[in-house]
Amino acid sequence: MRLNELINRFTLVSGLEPHEVSMWTPVCIDAMLQVKAKASKEALSDEESILRLCALAGVLAYYKYCLYMERDEVKSFTAGSVSITKAQSDTKKAHDLWEFEKNGVSDLLQSHDDFCFRGVRL
């Protein structure tokens with residue numbers, strides 16, 4: 001996988017400036033290793049698949065970034081007849097984006113989450 005492609009995607013979705021992104025490189029590397037561990041061997045040998053996996057890892061890095069940066073913030077505020085409600089949190093949006101991207105590359109990932117019940121005859 002290509003760290004540069006991953007960091008480009010992370011920068012795009014996070015909106016961070018390039019000098020801010022360098023601080024988050026270890027998180028990007030962790031995300032790359034996580035995605036690589038779940039990828040099939042065939043996907044890791046195909047150029048197009050590698051680019052798709054890099055995009056997924058960039059979004060995972062962004063999701064992790066949001067988890068690290070999440071703060072307890074006021075969700076709703078009312079003063080008299082004026083009411084302000086905060087929109088969906090960045091972490092929730094990052095999670096939704098992660099799920100969307102993961103579904104988009106599901107053909108490249110090995111599934112280790114499968115579980116089934118089997119009957120046994122005695």
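Angles under 35 degrees count as roughly parallel, over 145 as roughly antiparallel, 65 to 115 as roughly perpendicular, and the rest as oblique. Axes are lines fitted to C-alpha atoms, for helices over the stretch in contact, and angles run from 0 to 180 degrees between N-to-C directions.

This is a predicted model, in which local features need pLDDT of at least 70 and side-chain atom pairs count only at pLDDT 80 or more, while totals for chains, interfaces and linings use all residues. Residues are numbered from 1 along each chain as its sequence is written, and side-chain values use heavy atoms, with hydrogens and water left out.

**Exercise 1.** State which elements the chain contains and their order.

Solution. Helices (H or I, at least four residues) and strands (E, at least two) are DSSP runs, numbered from the N terminus. The chain has 5 helices and 2 strands. Read from the N terminus, their order is α-α-α-α-β-β-α.

**Exercise 2.** Classify the packing of helix 1 against helix 4.

Solution. Step one is the geometry: the axes of helix 1 (residues 3-14) and helix 4 (residues 47-69) come within 8 Å and cross at roughly 45°. Step two is the class: helix 1 and helix 4 are therefore oblique to each other. Step three is the residues in contact (heavy atoms within 4.5 Å). On helix 1 they include Arg9, Phe10 and Val13, and on helix 4 they include Ala55, Tyr62 and Tyr65. By class, this contact of helix 1 with helix 4 has 11 nonpolar, 2 polar and 2 charged residues; Ala, Val, Leu, Ile, Met, Phe, Trp, Tyr, Cys and Pro count as nonpolar, Asp, Glu, Lys and Arg as charged, and the others, Gly among them, as polar.

**Exercise 3.** Describe the largest nonpolar core.

Solution. Such a core is a set of buried Ala, Val, Leu, Ile, Met, Phe, Trp, Tyr and Cys residues joined through side-chain atoms within 4.5 Å, where buried means under 20% relative accessible area (1.4 Å probe, protein chains only). The largest one has 27 residues, and Phe10 and Tyr65 have the most contacts inside it. Helix 4 gives the largest share of this core, 10 residues. Leaving aside neighbours within four places in sequence, Tyr65 is in contact with Phe10, Leu16 and Trp24.

Technical notes: Buried means under 20% relative accessible area, exposed over 50%, partly exposed in between (1.4 Å probe, protein chains only).
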